[in-house]
Amino acid sequence: MTATVKAPAAGPGPITISLPPPRSEWSRRAARFRRNRLAVLGLALVALACLTALAAPLIAPHHYATINPGQEFLPSFSPGHLMGTDLLGRDVLSRLLFSLRTALFVGIMAELLSLIIAFAVGLLAGYKGGKIDQWLMALTDVMFAFPGYLFAVLLVAVLGRSTWAVILALTIASWVGQSRLLRAQIMRMKTLEFVEAGRAMGAGPWTLVMRYMVPGALGPVLVTTSFGIPANMLAEAGLAILGLGVAPPTPSLGTMINEGYRFVQTNPELIAWPVGVFVLIMLAFTWVGDGVRDAFDVDES
Amino acid sequence: MLSTSMRAEPSDGPRAAGSAASRKPVLEVSGLTVGFALPDGVKTVVHDLSFSLPHHGSLALVGESGSGKSVSMRAILGLLPGNARVQGSAVLTAEGSPGLDLLTAGEAKVRRVRGRQVGMVFQNAMEALNPSIPLERQLTEHLIWHGLANKSDARRRAVEALGDVGIPEPERRIRMYPFQLSGGMRQRAMIAMATIARPDVVIADEPTTALDVTVQKQILDLLVHLRDQGMAMVMITHDLGVARYVCDDAVVLRDGDVVERAPIAQLLRSPKEAYSRSLIDAALDVGMDVPEREVVAITDTAGTPSEALLQVRDLTKVFASRGGDVVAVDEVSLDLLPGRTLGVVGESGSGKSTLARLVLRLIEPTSGRVTFDGEDLGALAPKALRARRRGMQMVFQSPYGSLLPTHTVAENIAEPLRINKIGTPTERRDRAVDLLRLVELGPAYLDMYPRQLSGGQQQRVAIARALALKPKFLVGDEPTSALDASVQMQVLDLLRDLQSRLGFALLLITHNLAVVERLADDVIVMRRGQVVERARTADLFANPQHEYTRALLEAVLPVRGAVTDPEATDLPGVAWQRQ
């Protein structure tokens, strides 16, 4: 990455410059991400899942809640029902597409909300320090003391089974770790020389945090985010299996697995399809997370 | 990419110490070539390095960062990572035994040699010593591993070894952990570890670079003492003054190639190669001819001193720590006139960097007052303070660390303008071009990222950034100590030129007396938070008053001028016999 700069020592004439195209930090991160093949595959799978989830109303062959008496337990690859039908004769493919929609919506929304809280709490505690830090960290300690999952169960039981109740429950269970991570990152960044240089140049607190510290703190946060989304999806499925997920008739992977489980000996495909899709998505997110970690790994060479 | 160019001739010329001429050298390295296998091919970092080290000999490997001096020594000891490709030979000949080629002997054999026939001293003792076990075990397990002693014997010898390197009360200190010792003591402990088995050769990699100058001299005296007892030594250093003080011979490396080899006295007197000459010329010394600086500021026009730009009165900073309060800066007062340079000299822990940050009010003082341009900074609200900071800027020690790594050179230089909402983006970029020219860099660098620049270029960018707001006052916190020796002087001279042209006042924080001599009009010497001496620069060097100032001056190891002879230590002689 050397530059050859030819500048005429004296006299007129244009200065000829041949430089490598300068690469920003983000393009170098993208290159490091791309070097991880699995991460690219994972990202493609996640993108595909998101697209199909978004397009579910358009591409689903049937309505997910239409009951077809007399067409129960059709095997996979039946005409009109690619993945067969379930115990009420509902089209499994359509239900799966809408379940994916639910799962991704819940997973991403909960992660987004907890990120927002985490940024507010983590940045405030990390930058301000002192009393504010003590109080906020005491709050996270209290939150940590609750078993997060039980707390979510409790919340859904109180708020009722709606999608937003599930999202809220998962958010409350997951913002704590992110906050602590951000706080630690900001506290580390605070002592770095370029942050001090920013202060010496006259930067105010907002500029210091947003322009100088957050970009450097982003790496680990993005990594935990890409692991947090599938964790939320898993938690949502878990709630659904307990009968505390999103309310029927909205389908969810957990509900499908829960219903299919009863017929695992006679119709294993009822459980195989949702579990298979779920495993694949979990893996895809994990690969993306690995790639993000690679992307933010500073290599000195 | 492996080059076979033979720039390194076989060892020639008279050895400084002719005593070992008849005997075989302890260590004979020939044709050492080191490369690293990377995804895009093998990158060669050392080309065809050859030298021979006689008994009692001491050889300096001299070069700038990236010259391959450390890598070559690690290659000899088999300490490189798995992707290293090493060729050539490094024959170690112990007394009365056939030679062993360390590069082909295989890991098992080399392991028996490491620590027993070849000792290694690293730059940073804190990192090289195991922090979680006391010295005793680190010293003894070494002997026990090599089967050189049993447990009780090993303990006795470990205590002795600590005594040999001048650690007082070795019986007590041997039970301590590395972090309980001072930096100098840790370095001594590491030397004790490297020499406890009385190896034939000790390789010392920048053994004093991390230490204060007064401690550096003590450690070097110790190494000379051990050499006189019979230890042969290869010393890796970037500091020609250190090499001259300790070693007989020198090999100059550049980008992995041998540039020149000669007895060090001869090398410094009449270098054959242009690169060696440029290294020697670039070395900063105390007592050099200092170019005149025109002071543009309105200092003594009517015979009366003009108003001080910066007034510091009884400034004190106390840090609370678990072990009790630490007074980092203790009632320091100083005045800085417009356009003048005040040097603040001190070793680590003297409070000089804390003072710099207090003056800019980057940290809050415990007590005392800082007046800048007639305004009491302590009385200003945060917003007003930020506005005031436009007039006072800072250049930091680590150029890369103080630049935004994710932003281009142009963006970095324009950052102070952006923060203070001055100009449009286009105007700011134009200003960045001007500023870049001011620090003698072409516009080609505008869109590069800091990491693509060398250390010296990065520091120029940092200086350009500091000047963007046309400050009246600049703080330089060790602005050149992270740079290679060959560019230090250039950056200092640039600072001085800029000062004459722009007329800012400079508070120059440094541990290096030569830096102060070159730039400062006045100097204060700090020790443990207090000012022990203040004087005009010329007076300080001609006639130092305080004993600490004198100790600092005596610890300087010059490249030019009269040789400082190593000081005799009052340590007992040791029988240098491999055991």
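In β4(B), V29(B) has A90(B) as its bridge partner. That pairing belongs to an open sheet of 4 strands in chain B, in the order β2-β1-β4-β5, with antiparallel pairing. Keep in mind that this is a predicted model. Chain B also has an open sheet of 6 strands with mixed pairing, while the UniProt domain at residues 100–289 of chain A is 85% helix and 0% strand.

**The antiparallel sheet in chain B**

- Strand β1 (residues 27–38) and strand β4 (residues 84–92) of chain B run antiparallel to each other and share 8 bridges.
- Besides the V29(B)–A90(B) pair, G35(B) is bridged to R85(B) in β4(B).
- β1(B) also pairs with β2(B), again in the antiparallel sense, this time over 9 bridges.
- L27(B) of that pairing sits opposite L53(B) in β2(B).
- How many residues lie between β1(B) and β2(B) in their hairpin? There are 2 residues between them.
- As for what holds such strands side by side, strands of a sheet pair through backbone hydrogen bonds, either parallel or antiparallel.

**The mixed sheet in chain B**

- The 6 strands of this open sheet come in the order β16-β17-β18-β13-β19-β20 (chain B), and the pairing is mixed.
- Which strands stand at the edges of this sheet? They are β16 and β20 (530–536) of chain B; each has a single partner strand, so one side of each is left without a neighbour in the sheet.
- From one strand to the next, the twist averages 15°.
- Strand β13 (residues 341–345) and strand β18 (residues 505–510) of chain B pair in the parallel sense, over 5 bridges.
- Within that pairing, G343(B) has L508(B) of β18(B) as its bridge partner.
- Helix α17 (residues 455–467) of chain B packs on the sheet and touches β16 and β17 (473–477) of chain B, with a direction about 175° from that of β16(B).

**Where chain B meets chain A**

- On the chain B side, 26 residues are in contact with 22 residues of chain A.
- β16 (392–395), α14 (399–402) and α15 (409–419) of chain B each put at least two residues into this side.
- α15(B) gives the most, with 3 residues.
- By class, the chain B side has 12 nonpolar, 9 polar and 5 charged residues.

**What UniProt says about chain A**

- An unreviewed UniProt entry marks "domain: ABC transmembrane type-1" at residues 100–289 of chain A.
- In the model, the end C-alpha atoms of residues 100–289 are 20 Å apart.
- The unreviewed entry also lists "transmembrane region" at residues 38–60, 103–124, 136–158, 164–182 and 270–288 of chain A.
- Residues 136–158 of chain A are 91% helix and 0% strand, with end C-alpha atoms 26 Å apart.
- Residues 164–182 of chain A are 100% helix and 0% strand, and their end C-alpha atoms are 26 Å apart.

**Helix α6 against helix α7 in chain A**

- The axes of α6 (residues 148–159) and α7 (residues 163–190) of chain A come within 9 Å and cross at roughly 150°.
- Angles over 145 degrees count as roughly antiparallel, so that is how α6(A) and α7(A) are described.
- α6(A) passes α7(A) in a right-handed crossing.
- Residues making the contact include G148(A), Y149(A) and F151(A) from α6(A), and A165(A), V166(A) and L168(A) from α7(A).
- The contact has 13 nonpolar, 2 polar and no charged residues.

**Helix α2 against helix α4 in chain A**

- Helix α2 (residues 37–54) and helix α4 (residues 92–128) of chain A pack at an angle of about 110°, with axes 8 Å apart.
- That angle makes α2(A) roughly perpendicular to α4(A).
- The crossing of α2(A) past α4(A) is left-handed.
- A49(A), C50(A), T52(A) and A53(A) of α2(A) meet L97(A), L100(A), R101(A) and L104(A) of α4(A).
- These contact residues divide into 6 nonpolar, 1 polar and 1 charged.

Notes. Residues numbered from 1 in each chain as written. Chains lettered and ligands numbered in written order. Predicted model: local features only at pLDDT ≥ 70, side-chain atom pairs only at ≥ 80, totals over all residues. Axes fitted to C-alpha atoms, helices over the stretch in contact; angles between N-to-C directions. Parallel < 35°, antiparallel > 145°, perpendicular 65-115°, else oblique. Left-handed = near helix turned anticlockwise from the far one by under 90°. Contact = placed C-beta atoms within 7 Å. Nonpolar A, V, L, I, M, F, W, Y, C, P; charged D, E, K, R; others polar. Pairing = 2+ DSSP bridges. UniProt positions renumbered as here; feature names shortened; annotations may be inferred.
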